[in-house]
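Please read them with the coordinates open.

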Amino acid sequence: RAVANSFGPMCIATNVIVMRIDGFVMMPAFSFGGAMTTFAGQNIGAGRLDRVETGAKKGTLVAMATSAVITLLIIVFGKYLMALFTNTDELIEQSYHMMLIMGIGYIAMEITQCLQGIMRGAGDTMAPMWMSMITTVAIRVPLAYLMTWMTRSPEHPQGQFYMMFVSMLIAWLIGSAMTLIVYKAGRWKRKAIV
């Protein structure tokens with residue numbers, strides 16, 4: 001937020017609009033993640049680890065498809081969504097552009113939420129917590145500062161505002177890759193009490 005505030009009122013307003021839309025777009029990811037936690041816990045409790053692995057694949061694919069549809073809707077109708085929050089053309093354009101940057105990240109976020117949900121349901125709560133901390137605190141925030149600083153110019157003394165959203169996208173993609181690696185490593189299976 002401090003990075004966004006340094007860019008002035010138009011960028012602050014853009015950030016507010018994008019975060020409002022983002023809150024709605026992220027709801028399915030969090031819902032699928034919660035559902036996967038319950039699903040994993042119930043099936044592990046029933047001694048059916050095979051169902052957990054099958055359900056993880058299918059559930060993640062359904063979640064990714066859902067997010068792909070939402071991303072497509074943002075691409076097609078995004079400007080109308082932004083217009084719900086402002087009638088300033090520049091804000092609509094800028095907000096829409098930022099949502100386009102983050103679009104693919106919503107699909108990656110489904111992988112993160114679903115597979116971390118499986119891990120939590122199996123009793124491995126520490127791995128998802130550490131991955132979230134790493135991607136947010138150690139990657140996203142420093143990357144936002146670094147990328148905006150690297151794009152400074154006489155026209156943009158604070159750097160390019162959109163780099164904040166690029167850093168968020170990169171953090172989501174890294175988080176998704178980390179989650180996939182940790183899930184495939186299978187430590188969560190050893191945490192499960194079967």
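The points below cover the cores, the salt bridges, a surface patch and one loop glycine.

1. Basis. This is a predicted model, in which local features need pLDDT of at least 70, side-chain atom pairs count only at pLDDT 80 or more, and totals for chains, interfaces and linings use all residues. Residues are numbered from 1 along each chain as its sequence is written, and side-chain values use heavy atoms, with hydrogens and water left out.

2. Main core. The largest nonpolar core has 33 residues. H4 gives the largest share, nine residues. Met82, Met99, Met102, Tyr106, Phe161, Phe165 and Trp172 have the most contacts inside this core. A nonpolar core here is a set of buried Ala, Val, Leu, Ile, Met, Phe, Trp, Tyr and Cys residues joined through side-chain atoms within 4.5 Å. Buried means under 20% relative accessible area, exposed over 50%, and partly exposed in between (1.4 Å probe, protein chains only). Helices are DSSP runs of H or I with at least four residues, numbered from the N terminus.

3. Phe165 and the second core. Which residues does Phe165 touch, not counting those up to four places away in sequence? They are Asn15, Val18, Met19, Met98, Ile101 and Met102. A second, separate core has 17 residues, including Met36, Ile111, Ala122 and Met131.

4. Salt bridges. The count comes to four, with a side-chain nitrogen of Lys or Arg required within 4 Å of a carboxyl oxygen of Asp or Glu.

5. Lys189 and Glu53. Their side chains meet in a salt bridge at 2.4 Å, N to O. Lys189 lies in helix H7 (residues 187–191) and Glu53 in helix H3, so the pair ties together parts that are 136 residues apart in sequence. Lys189 is partly exposed at 32% relative accessibility. Glu53 is also partly exposed, at 27%.

6. Glu93 and Lys79. This salt bridge has an N to O distance of 2.9 Å. Glu93 sits in helix H4 (residues 89–121) and Lys79 in helix H3, so parts 14 residues apart in sequence are tied together. Glu93 is partly exposed at 40%, and Lys79 is partly exposed at 36%.

7. Arg187 and Asp124. The closest N and O atoms of this salt bridge are 3.6 Å apart. Arg187 is in helix H7 and Asp124 in the loop between H4 and H5, so the pair links parts that are 63 residues apart in sequence. Is Asp124 buried or exposed? Asp124 counts as buried, at 1% relative accessibility. Arg187 is partly exposed at 38%.

8. Surface patch. Val69, Leu72, Leu73, Ile75, Val76, Phe77, Tyr80 and Leu100 form a nonpolar patch on the surface, with about 780 Å² of accessible area together. Helix H3 (residues 49–83) gives the most, seven residues. Leu73 is in helix H3 and is partly exposed at 42%. Patch residues have over 30% relative accessible area and no salt bridge; like charges are joined within 9 Å, and nonpolar side chains (Val, Leu, Ile, Met, Phe, Trp, Tyr) within 5 Å. Accessible areas come from the Shrake-Rupley method with a 1.4 Å probe; for residues, only the protein chains shown count as cover.

9. Gly159. This glycine lies in the loop between helix H5 (126–150) and helix H6 (163–185). Gly159 is buried, at 4% relative accessibility. Leaving aside neighbours within four places in sequence, Gly159 is in contact (heavy atoms within 4.5 Å) with Phe7, Thr148, Thr151 and Arg152.

Note on methods:
Helix = DSSP H or I, 4+ residues; strand = E, 2+ residues; numbered from the N terminus.
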